[in-house]
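Please find below a colleague's note on the model under review.

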Amino acid sequence: MSVDHIQHILIHTDDVEEAASWFEENLGLMRGAVPDFKVPVVWLYVDDVPAIHIAPFPEEGETQRFQDRYLGGRKTEVDWGSGVIDHVAFGCTGLAGMIERLDTHKAKYLKRQANAGDLFQLFIDGPNGMRIELNFAAAEAEAAGIKPDMTAAQAVAAE
C-alpha cells in the first residue's frame, strides 16, 4: 500500500465566501458539487477533481457536535490556524496567464527559480495567512521571458 495523491485540503475560516472567492479569482478554481454533510462548506475544484474544501470554524451547537463526532474531536483554540502547514502546492501550466491573472487581482506573490533550473515557482499570499505555491516547468518561464525575483542559489548564498 502507498499514498497516491492528496485528495483535498480543508480550510477553516471566519469568512467562507471571501476565502472561496480568493481561490476562484486568483487561481481559477471552480465551485462544484458538495455532498450533504450537514455542515456549510464550499468545495472548489480543479477541473473535475475536488481540491479545497472551505468551511467556517465550528461554533458551539449542532454543527460543532456533528464535526466532533464525524472527525473524532476538535482542536483547541490555540491549535486553529495553519499549524505546521506552511503552504499548499499545485502543479500548473500556463505561467504567463497565471501571472496576468494574479496581477489583475492585485495578489501579492514572489517569483522563484528552484534548483538547477527545471522548476519555476510562484509563492502567493493566500487567504487566512496561507501561502500557496504554484509550480511550473522552467521552460515556460524561459519561453515567455519571465525572470525570477530570486533563485534557490541566491537564497542560499545570502546567508
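1. Basis of the note. This is a predicted model, in which local features need pLDDT of at least 70 and side-chain atom pairs count only at pLDDT 80 or more, while totals for chains, interfaces and linings use all residues. Residues are numbered from 1 along each chain as its sequence is written, and side-chain values use heavy atoms, with hydrogens and water left out.

2. Overall composition. The protein has five helices and nine strands; helices (H or I, at least four residues) and strands (E, at least two) are DSSP runs, numbered from the N terminus. Their order from the N terminus is β-α-β-β-β-α-β-α-β-β-β-α-β-α. Of the 159 residues, 35% count as buried, where buried means under 20% relative accessible area, exposed over 50% and partly exposed in between, with a 1.4 Å probe and protein chains only. Among contacts with a separation of 6 or more, 53% come from residues 24 or more positions apart; contact means heavy atoms within 4.5 Å.

3. The four-stranded sheet. Four strands make an open sheet of mixed pairing in the order β1-β4-β3-β2; two strands pair if DSSP finds at least two bridges between them. Strands β1 and β2 stand at the edges with a single partner strand each, so one side of each is left without a neighbour in the sheet. Strand β1 (residues 9-13) runs parallel to β4 (residues 49-56), joined by five bridges, and Leu10 has His53 as its bridge partner in β4. Strands β3 and β4 are antiparallel over five bridges, whereas β2 (residues 30-31) and β3 are antiparallel over two bridges. In the latter pair, Arg31 has Leu44 of β3 as its bridge partner.

4. Val46 stands opposite Val49 in β4. The hairpin of β3 and β4 has two residues between the strands, and there Asp47 takes a positive phi near 55 degrees.

5. The five-stranded sheet. A further open sheet, also with mixed pairing, has the strand order β5-β8-β7-β6-β9. Its edges are β5 and β9 (150-151), each with a single partner strand, so one side of each is left without a neighbour in the sheet. Strands β5 and β8 run parallel and are joined by five bridges; His87 has Arg131 as its bridge partner in β8. Helix α3 packs on this sheet, touching β6 (109-114), β7 and β8, with its direction at about 15 degrees to that of β7. Here axes are lines fitted to C-alpha atoms, for helices over the stretch in contact, and angles run from 0 to 180 degrees between N-to-C directions.

6. Helix α1. At the start of α1, a side-chain oxygen of Asp15 comes to within 3.3 Å of the backbone nitrogen of Glu17. Just after α1, Gly28 takes a positive phi of about 80 degrees.

7. The nonpolar core. The largest nonpolar core has 32 residues, and those with the most contacts inside it are Phe23, Leu27, Leu122, Ile124 and Leu134. Such a core is a set of buried Ala, Val, Leu, Ile, Met, Phe, Trp, Tyr and Cys residues joined through side-chain atoms within 4.5 Å. Helix α1 gives the most to this core, with six residues. Leaving aside neighbours within four places in sequence, the contacts of Phe23 include Ile11, Leu44, Ile52, Met130 and Ile132.

8. Asn135. This residue lies in strand β8 (residues 131-137). Asn135 counts as buried because its relative accessibility is 16%. Its side chain makes polar contacts with the side chains of Gln121, at 3.1 Å, and Glu133, at 2.8 Å. A polar contact is a pair of N or O atoms within 3.5 Å; within protein, one must be able to donate a hydrogen and the other to accept it, and residues adjacent in sequence count only if both atoms are side-chain atoms.
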